[in-house]
Protein chains: 4
Amino acid sequence: MPVTPAQQAEIDAQRSEPRQTLRAVSEGMERHLYLARPVLDHGFVRVIDYMGDDAAICQAARVSYGKGTKSVSNDAGLIRYLMRHWHSTPFEMCEVKFHVKLPVFVARQWIRHRTANVNEYSARYSILDREFYIPRAQDLAAQSVVNNQGRGEVLGAEEAARVLEYLKGDAARCYDHYEEMIGQDGQQGLARELARMNLPANIYTQWYWKVDLHNLFHFLRLRADAHAQYEIRVYAEAICEMVKDWVPAAYGAFEDYRMGGATLSGKALDCVRRMLKGEEVTQETSGMSKGEWREFEGVLEG
Amino acid sequence: MPVTPAQQAEIDAQRSEPRQTLRAVSEGMERHLYLARPVLDHGFVRVIDYMGDDAAICQAARVSYGKGTKSVSNDAGLIRYLMRHWHSTPFEMCEVKFHVKLPVFVARQWIRHRTANVNEYSARYSILDREFYIPRAQDLAAQSVVNNQGRGEVLGAEEAARVLEYLKGDAARCYDHYEEMIGQDGQQGLARELARMNLPANIYTQWYWKVDLHNLFHFLRLRADAHAQYEIRVYAEAICEMVKDWVPAAYGAFEDYRMGGATLSGKALDCVRRMLKGEEVTQETSGMSKGEWREFEGVLEG
Amino acid sequence: MPVTPAQQAEIDAQRSEPRQTLRAVSEGMERHLYLARPVLDHGFVRVIDYMGDDAAICQAARVSYGKGTKSVSNDAGLIRYLMRHWHSTPFEMCEVKFHVKLPVFVARQWIRHRTANVNEYSARYSILDREFYIPRAQDLAAQSVVNNQGRGEVLGAEEAARVLEYLKGDAARCYDHYEEMIGQDGQQGLARELARMNLPANIYTQWYWKVDLHNLFHFLRLRADAHAQYEIRVYAEAICEMVKDWVPAAYGAFEDYRMGGATLSGKALDCVRRMLKGEEVTQETSGMSKGEWREFEGVLEG
Amino acid sequence: MPVTPAQQAEIDAQRSEPRQTLRAVSEGMERHLYLARPVLDHGFVRVIDYMGDDAAICQAARVSYGKGTKSVSNDAGLIRYLMRHWHSTPFEMCEVKFHVKLPVFVARQWIRHRTANVNEYSARYSILDREFYIPRAQDLAAQSVVNNQGRGEVLGAEEAARVLEYLKGDAARCYDHYEEMIGQDGQQGLARELARMNLPANIYTQWYWKVDLHNLFHFLRLRADAHAQYEIRVYAEAICEMVKDWVPAAYGAFEDYRMGGATLSGKALDCVRRMLKGEEVTQETSGMSKGEWREFEGVLEG
């Protein structure tokens, strides 16, 4: 269960008290505020606060005194222009803060995006809950044979069952010992900062994560991508749903230019030009390595 | 005049449309929103948007589901604890965006604080206004004889008059030529990106500047300090007035621990300990250089 | 004159004392060390120090104990793979430090790249030299009529002469007054931090600038681009010449994937696919705006 | 064993090939290059590369053409001045790269310092080794009763034995299952990116970590502090030993002003002034909370 009834009550309390503000308001984002969107078996992502909207991107680009905008379509055109020409600073003028509950091995990937602010639940100070990510059988895939760091075929039923038994059993035993070590009934047990070392990487942690829109798009491009690990991709996809409602014009430009786009090398562009002139280009005549050519073909096929 | 009537009308329009939000609201900051606070002769600083309040700092520190706070005094105590122990990440969870109009030589100092987002008015794209910072006579000081990078005595009336004549005359002439070079009456003049090179550093520029509270405090500690150049200090002081109303508890802790505090070296602490035991310590017996000792005496005198 | 004889003697002294090290050495970069490469009329860029080489990128990617490489061609392939898939962290493992002398208006553009370390010559503490950037007549171009922030045709001879007269005359007069204000012959003149405000933006400043290879490539992609302002592009091009000798494999990959490559949007990719199938696609049927379509045609023409 | 014989041979090979360079060389740091300094039971830290030395800090501060220094004592004085007045940018001009082998729970603390570059060993791509941090009995301490996130008394022998049994047994079993899940003998086992979730946080990982001297000092001040968790403090202390030999003047200033110094609040300074005038100040008359007063007394006692 991602959120307990007591936690849900706190969330409901926060959603029940609208207040007045003179700031830019995104109606689309207000609908998401505080609500925990479930991800994986016990995780969630929820937006805690945001700053700015589509118009704020344009105001910053124009350094304007007021709304500085003539019309919504005008703003959308400017936003597309900014995105196309990699003018990133106006997108940095929007900011968003999430509360995320996620397995530790996902958190370790996530934190590599350094241009963000983080406050994580402290396992030196507090006791972690007994909650572990246990994949569904259909998410248990074998090591890929073509891609050295991805997944291939889904495991057979028998092998999946064995894996799940290991994951569940080890998590339970490690947590039992964690609890025993930190001690009960008045006895002064092992320091929490030490006991936590016995916990496997599928235990859940949580944090507040704050990031500007430009860096969030960078995160989403890498982590909502088909090559990202499934367990982080589902978080990225959940965030995409929120961003789409928060800044629809910026998200539309992001989808077209980043998620749906592709960067072609000088060699690849040259091949495209030759192909458009009717030449039959092959890997051998392309100047590309086999790996590059395979990826290039993938782009042309869409 | 920092703001034209047309600009003031845009500001008034923005202040006239309160909307509903579920986000944290700081009543103190709402009063400042959009209003241009005059600084120097033509400059201003105004807050465009903000995220978070005192409670948000505590919620992030506790990674809480709801308001996560028992009382205001409780929150203030936690905030003082965080500030005292250099736990900076909860302060990073608040963000603020300013629109600033400032002379270029001030902007050049300001931009050295890199952990912030900036959109500056483009002099490649647009024409700068004929507005220059001309100091008041009482702000025209001589080079300091004790501090190699500060100011000393105020200039005499005659010398001040000569300086002001130079500043005004050169600014006017440079701007006249700037205007002539970029061309009027249909003729295609010199590119703006080139013509701007003729403008002196006291011309005004403007930007949107967005920063988190931790990094803002760092900026304020350095730039609201008595040793900062007067022309940037007045901006920092204007911002202090806003931050005080935005996050009163955090600002109080900042004043006590950063602005009003001092860092003593190991040598200085050793001297304090010896003095408290009744020893008469002099520069010679302190182990400090003359400069350090002078600064140490300044701290003890307050 | 970018460098005085006394400065050249200091540079020569530094080049005359090779020492032993166990660190990675790039022979190509050693040849550039300390030498001032002239840029514009009085500027220069020179490399002061560097860390790492092509092999260091691969060692970091492999987290290896030793050289961790089988062959140079093997390393080049890995580097191309990393560049193609936006694995930026191994490139961050190389670092370089430059000493740059440049006009202030160029410095103001440059500093917008925040992920770097900078120490600039202090005009609060020191007196700036009488050196101003005065463009060559062939670099005096009109405002572009197609691109709102670029240059168009070169000015006619008469107009160019007028511009040069303004630039030279105003710089000379402003500097004369700067000198007078800061005072000579024992008198305590205006504080330097104030007097500098009278200097136009084509005066030269200098700084030490340190950056990692990933962020340097980002800088070069934007500033060595044909759309960058000429006066910063010449610095970027000078740096390219050094980087090419420092990390030849990484620079080659950068040239192919970044400088020579292009990012196509989802719409643009769709058009390419339709064109390769024989369809005649026009702006009207492309789904792109006129601006986008013009840029897209530019990419296809190469 | 922190390093295998094969790895040691690679290290020895790198140390056996001195080359010539024109760059700044720190003899003190050359002695450390590549050598693995053991930390904890299987960990190490070793310096892979460095840029700059004490003189480089001064050259950057002076933006000088050559060595720009008159004498070593002169440089040391400047460095102390820079450190005392928080002029951080000259220290950023030195850079260092480490290879670190460390338990995952230590890595998770370490990575919170974001202003650094990191390449970690990939457990999506590679198989982790069977190496776990098992504390010595004397390092097994109870949760502190005064400090909510620290350690108190060392555990009794019996309880320590129980803890060690749990840590060893769970690590072994989890690793056995990890190995089984990823599969042997030709069978295509579970993807590595999934299997790793079964590994507890005391397993060792490794990374390349690159940071500038200013940010390294910040890391060391927090992590070499007596309040830091022992398991990260030992890494910080090992790094201190290297930095001391690399930039002795900067390290000396760091020790005096940061490690050995203390920041006193406005309230605390006021108390010191009153005490020096002979007043008997108590917690009640100090204006400080009990916690602050206790820390203040600690500073005065040294």
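1. Two residues count as in contact if their C-beta atoms, placed from the backbone, lie within 7 Å. On that basis, 42 residues of chain D meet 43 residues of chain C.

2. This is a predicted model: local features need pLDDT of at least 70, side-chain atom pairs count only at pLDDT 80 or more, and totals for chains, interfaces and linings use all residues. Residues are numbered from 1 along each chain as its sequence is written, while chains are lettered from A and ligands numbered from 1 in the order in which they are written.

3. Look at the chain D side of the C contact. Elements that each supply at least two residues are α1 (5-15), β1 (19-21), β3 (43-51), α3 (54-62), β4 (95-103), β5 (117-120) and β8 (204-212) of chain D. Helices (H or I, at least four residues) and strands (E, at least two) are DSSP runs, numbered from the N terminus. α1(D) has the largest share, 6 residues.

4. By class, this side of chain D has 20 nonpolar, 10 polar and 12 charged residues. Nonpolar means Ala, Val, Leu, Ile, Met, Phe, Trp, Tyr, Cys and Pro; charged means Asp, Glu, Lys and Arg; the others, Gly among them, are polar.

5. β1 (residues 19-21) of chain C pairs with β1(D) in the antiparallel sense, over 3 bridges. Pairing requires at least two DSSP bridges between the strands. C:R19 has D:T21 of β1(D) as its bridge partner.

6. Now the B contact. Here 41 residues of chain C touch 41 residues of chain B. On the chain C side, β6 (141-143), β7 (151-154), α6 (157-182) and α7 (192-195) give two or more residues. α6(C) gives the most, with 8 residues. This side of chain C has 22 nonpolar, 11 polar and 8 charged residues.
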